[in-house]
Amino acid sequence: MDNTLEAQHKQLNESTLLDLFKENPERAKQFSLKVDELYFDFSKNHINDNVMATLFDKANKQELSTAIESLFAGEQVNNTEKRAALHTALREPKNDSDSSSIVQAALEKMDNFVESIHQQHWLGHTSKAIDTVVNIGIGGSDLGPRMVTQSLSAFHHPQLTVHFVANIDGADLEDTLSTLNAETTLFVIASKTFTTLETLNNALSARQWMLDAGCQQNDLQKHFVAISSNIQAANEFGIAEENIFPLWDWVGGRYSLWSSIGLPIALAIGMNGFRELLHGAHIMDAHFRQAPLNSNMPVIAALLSYWYNQYWGCSAHAVLPYAQRLNRLPAYLQQLDMESLGKRVNKSGAAVTTSTGSIIWGAEGTNGQHSFHQLLHQGTQLIPVDFIAVKKSMSNYKDQHQHLLACCISQSQALLQGKTLGQAEEELRVQGLSDDDIQQLAPHKVIPGNKPSNTILLDELTPKNLGALIAFYEHKVYATSVLLGINAFDQWGVELGKQLGKPLYHALTTEECNTEWDSSTIEIIKQLHS
């Protein structure tokens with residue numbers, strides 16, 4: 001722990017955010033940034049010039065600028081798997097590098113395929129055009145494409161519907177297929193290894209659904225394409241090699257929506273829209289790579305996260321998009337942030353002695369105001385919040401959009417200022433309550449305020465702006481990992497459950513239970529067999 005930051009935390013903890021605004025009337029201008037069409041207000045945080053200077057000094061000591069350049073240069077920032085993390089290369093303009101060559105080839109292949117679907121040249125087994133796409137994947141092969149596709153519904157191709165299936169619970173697939181026509185449905189199987197348990201089982205069930213609907217074995221290739229590096233396995237499944245889109249080791253799952261994994265996005269919004277998504281991300285990439293640390297939007301967001309996690313005891317962070325179409329964003333950010341930062345050792349393998357990672361959660365506004373916002377305002381936990389809003393209405397109901405924006409701003413304002421006991425008492429007095437009733441009720445109406453938040457405004461919810469927003473969070477997570485000294489690009493913690501699942505599946509299907517397992521596991525298996 002840094003002694004200077006500890007002392008600054010103690011000092012700021014004795015004042016309030018309202019005090020800071022009174023001391024500096026220009027605070028909002030000082031602590032805000034705009035990158036292209038994204039505006040970031042971080043003035044409602046427990047910071048001042050001294051704190052920010054110390055945090056930037058921390059970033060310099062951790063050689064954050066060097067680490068940023070290492071990311072873009074394709075160095076092995078993923079040291080445990082000895083890989084680069086070159087997702088930024090997926091959204092670079094065409095250049096002479098080797099990575100650009102293969103990326104552009106993949107984009108061209110996607111372009112041709114999307115065009116064949118949109119122009120109704122790709123026909124199913126009964127010579128009918130495809131009008132429905134079902135993406136089968138999980139984790140990074142589902143969360144990102146699903147979130148982006150839903151967020152950009154205003155840009156969807158009018159004659160194509162895109163669905164997503166991820167859960168191995170058969171109800172997910174069954175409910176999706178229940179209203180679909182096999183003659184006009186195309187499945188996109190998204191799995192780097194083509195061995196992922198959930199994806200492979202759902203794909204096998206989808207294939208059987210097609211066969212049961214009258215599709216012949218040799219016509220399955222008209223209804224299945226794959227995104228995978230395991231060409232042989234996809235071939236054996238029944239997918240023609242020319243219909244397999246590439247994936248590369250230097251693109252991690254939670255950073256893969258910019259790659260061929262984004263095929264369902266491209267099918268939904270067209271390749272021009274997909275390229276605009278890439279362009280928006282590239283704008284944020286250039287900012288992250290080139291801007292000085294003290295005016296770098298993702299870096300500042302990372303330093304704030306580090307500040308609260310390490311010195312204010314904050315174990316959670318809420319993301320509240322005031323945009324219905326962004327309601328999948330918190331779920332997407334859960335994987336991006338928690339899978340990247342939920343580590344217990346540093347890059348050298350030594351145990352981390354400080355807190356790593358935050359619990360990322362949230363829901364769309366205004367729905368959350370009628371449920372968990374109560375805890376944000378009057379609960380005892382300190383939970384920083386990101387409010388995300390869009391300036392331009394996404395519907396024809398313009399007045400409702402103004403209500404939506406007012407709710408967003410008022411929530412951040414309420415977290416800032418709260419309501420004092422005196423204010424609560426005066427409100428009740430105006431309402432005509434007796435002194436005894438006021439004394440009894442007023443403490444319950446006190447809202448402490450002094451709770452931090454950021455506000456992010458997008459000019460419009462477009463592919464370009466969404467790309468920039470996602471890239472902002474990606475880079476925030478990477479910068480935070482550098483501050484913590486951990487690897488943001490591996491996820492060994494997800495492997496153990498997969499390993500244990502295989503013998504448990506055997507026990508559930510054969511009743512051969514391992515007597516050396518813990519008694520709880522054994523009893524649960526017995527209950528499931530009873």
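These questions and answers set computed values of a predicted model against the definitions behind the terms.

The model is predicted: local features need pLDDT of at least 70, side-chain atom pairs count only at pLDDT 80 or more, and totals for chains, interfaces and linings use all residues. Residues are numbered from 1 along each chain as its sequence is written, and side-chain values use heavy atoms, with hydrogens and water left out.

Q: Why is T199 called buried?
A: Buried means under 20% relative accessible area, exposed over 50%, partly exposed in between (1.4 Å probe, protein chains only). T199 has 2%. That is under 20%, so T199 is buried.

Q: Where does T199 lie, by element?
A: T199 lies in helix α9, residues 197-212. Helices (H or I, at least four residues) and strands (E, at least two) are DSSP runs, numbered from the N terminus.

Q: What does T199 touch, not counting residues up to four places away in sequence?
A: The partners are I136, G137, I138, I189, A190 and S191. Contact means heavy atoms within 4.5 Å.

Q: Why are E63 and S127 called exposed?
A: E63 has a relative accessible area of 53%, and S127 has 55%. The cut-off is over 50%, so E63 and S127 count as exposed.

Q: What is phi at E63 and at S127?
A: Phi of E63 is near 55°, a positive value in a residue other than glycine. Phi of S127 is near 65°, also positive in a non-glycine residue. E63 sits in the loop between α4 (49-61) and α5 (64-73). S127 is in the loop between α6 (98-118) and β3 (132-136).

Q: What makes α13 and α18 roughly parallel?
A: The axes of α13 (residues 329-341) and α18 (residues 463-484) come within 10 Å and cross at roughly 20°. Axes are lines fitted to C-alpha atoms, for helices over the stretch in contact; angles run from 0 to 180 degrees between N-to-C directions. Angles under 35 degrees count as roughly parallel, over 145 as roughly antiparallel, 65 to 115 as roughly perpendicular and the rest as oblique. The crossing angle falls under 35 degrees, so α13 and α18 are roughly parallel.

Q: Which residues of α13 and α18 make the contact?
A: L329, Y332, L333, L336, D337, S340 and L341 of α13 meet L469, I470, Y473, E474, V477, T480 and S481 of α18. By class, the contact has nine nonpolar, three polar and two charged residues. Ala, Val, Leu, Ile, Met, Phe, Trp, Tyr, Cys and Pro count as nonpolar; Asp, Glu, Lys and Arg as charged; the others, Gly among them, as polar.

Q: How do you know that β1 and β2 pair?
A: Two strands pair if DSSP finds at least two bridges between them. β1 (residues 32-35) and β2 (residues 38-41) have four, in the antiparallel sense. L33 has F40 as its bridge partner in β2. The strands form a hairpin with two residues between them, and D36 in the turn has a positive phi of about 55°.

Q: What makes β4 and β7 edge strands?
A: Five strands form an open sheet in the order β4-β3-β5-β6-β7, with parallel pairing. β4 (161-165) and β7 (244-245) each pair on one side only.

Q: How many bridges join β5 to β6?
A: Four bridges join β5 (residues 185-190) to β6 (residues 224-227), and the strands run parallel. α9 lies across β3, β4, β5 and β6, at about 160° to β5.
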